[in-house]
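Have the sequence and coordinates open while you read.

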Amino acid sequence: MKYFLLSISLWLTAITALAANQSGDSIPFLYRGHLYLDAKVNNSTQCRVVFDTGGADMFGVDSVFLAHSAWKPQKMGQAMAGGAAGKTKVRVIFEPATVKTGNHAEKFEYVPIFKLRDVVDCHVDGIMGIKDIMNHPFEINFEHGYIKQHIGGKPRVDGYMKVPITYKDKRILLQAETVVAGKRIKGTYLMDTGGGGTIDFTAATTHQHSLETIEGKRLVTDHTQFGLGGKELETIVTMKSQKFIIGNDTITNEEFDYIPEGVGAFSNREYLGTIGNNIWSNYNIIIDASAGFMYLKRFKPSKEDRVSYGYSFRNRTDIGMGWIVSSLNRGGAAATSGLRLNDIILSVNGKKVEDYTWDEEREVYNLPSQDLVVKGRDGTTRQIHLEPADPWK
């Protein structure tokens with residue numbers, strides 16, 4: 001999935017997060033657009049969490065996961081949370097929870113409950129950040145798939161480029177530049193490992209830099225539940241940049257998005273936009289927040305364009321809903337073939353979606369063609385044949 005932005009902040013009073021049993025051992029993750037970690041809560045409840053630098057020292061769980069788990073907390077409350085889709089009221093567990101990932105354990109005094117699977121899908125059970133960012137450097141190694149908090153000393157940064165950062169309000173901010181149609185959009189960007197996109201500009205940046213009027217082809221996408229918050233449908237416009245510059249490295253011909261009517265994390269912010277995992281996954285990363293630097297080592301070449309079906313889905317087989325169409329490019333291959341937002345995909349090329357493994361599910365977008373059986377909002381089923389196309393031609 002291309003989008004999932006969770007720059008989360010909670011407005012709670014008289015709450016202090018507690019850290020315990022810290023370890024410098026590496027924590028393996030599975031990269032699927034997001035960084036998935038296997039975790040255990042209170043030494044008993046297994047779950048899969050998304051690692052999000054925007055989550056700072058927070059641990060939150062999905063509401064459906066919690067309802068079906070053996071974890072039955074008793075002390076509950078409410079709070080307001082903000083994300084990519086604005087603000088929303090959430091329930092909060094006011095009981096300590098210890099979360100273990102790899103050999104690393106942290107204790108959290110409270111746990112917010114989100115509808116995470118409405119934003120991502122059934123593969124996510126929770127979300128967490130990393131504690132003590134100012135006390136210990138930490139590493140995100142995309143090449144070998146691990147996170148490591150360097151408690152015993154500073155990591156080696158030979159061969160890495162050095163990029164200044166600011167850690168402010170539990171956010172990692174840095175200077176970068178996007179060049180499109182000769183226009184230079186240079187300034188402060190937000191690091192967002194909770195986002196599966198590339199560069200996503202806020203509504204304020206969109207209007208300030210007149211992105212809606214610059215020359216170039218546009219792909220317009222309607223996206224349901226873009227992130228946490230109250231806005232259920234977002235319109236996102238994708239274009240091609242000439243180059244994206246971070247430190248002394250340049251990525252050419254990269255896509256970027258702007259959100260004309262963005263709310264929440266994409267309204268009027270101190271940053272121009274967010275940098276998501278489609279950018280970060282090109283690098284191995286070391287963050288030394290106390291020193292004010294990020295170190296990056298590129299290990300991937302720039303990727304080439306690929307054909308696309310022009311849609312994405314959320315796997316909700318956990319609640320018997322199949323794969324729900326969550327985004328649709330206007331005029332794309334899927335839309336012109338009759339696929340609609342919120343259609344439920346029941347089978348692909350004769351195979352029921354609940355029989356797909358996670359790896360097979362990811363490869364669906366790369367199939368040479370798709371024959372779908374879908375159920376519409378009116379409950380009727382229909383068959384749709386799809387052929388991928390190059391959206392930039």
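D125 is buried, with a relative accessible area of 10% (buried means under 20% relative accessible area, exposed over 50%, partly exposed in between, using a 1.4 Å probe and protein chains only). Its partner in a salt bridge is R117, with 2.5 Å between the closest N and O atoms, and R117 is buried too, at 8%. A salt bridge here is a side-chain nitrogen of Lys or Arg within 4 Å of a carboxyl oxygen of Asp or Glu.

A word on the ground rules: this is a predicted model, where local features need pLDDT of at least 70, side-chain atom pairs count only at pLDDT 80 or more, and totals for chains, interfaces and linings use all residues. Residues are numbered from 1 along each chain as its sequence is written, and side-chain values use heavy atoms, with hydrogens and water left out.

**Salt bridges**

The structure holds 15 salt bridges. Here are three of them, with the N to O distance for each.

| Pair | N to O distance |
|---|---|
| D125 and R117 | 2.5 Å |
| E177 and R184 | 3.0 Å |
| R298 and D249 | 2.6 Å |

R298 sits in strand 26 (residues 293-298) and D249 in strand 22 (residues 249-252), so this pair ties together parts that are 49 residues apart in sequence. Strands are DSSP runs of E, at least two residues, numbered from the N terminus. R298 is partly exposed at 26% relative accessibility, while D249 is buried at 15%. There's also a network: salt bridges with shared partners join D62, R117, D118, D125, R316 and D318.

**The cavity**

How many cavities of 30 Å³ or more does a search of the whole structure find? The search turns up one. A cavity is a set of points on a 1 Å grid over the protein atoms alone where a 1.4 Å probe fits but cannot get out, and lining residues have an atom within 4 Å of a point.

The largest cavity has about 90 Å³ of space. It is lined by 13 residues, and I27, H104, M128, G129 and I130 are the closest to its centre. Strand 10 (104-108) and strand 14 (146-149) each supply at least two lining residues, with strand 10 giving the most, at three. By type, the lining splits into seven nonpolar, four polar and two charged residues.

Technical notes:
1 Å grid on protein atoms, 1.4 Å probe; cavity = no way out; pocket = protein on both sides within 12 Å on 5 of 7 lines; lining within 4 Å. Points joined across faces, edges and corners; volume = space filled by probe spheres on them. Helix = DSSP H or I, 4+ residues; strand = E, 2+ residues; numbered from the N terminus. Nonpolar A, V, L, I, M, F, W, Y, C, P; charged D, E, K, R; others polar.
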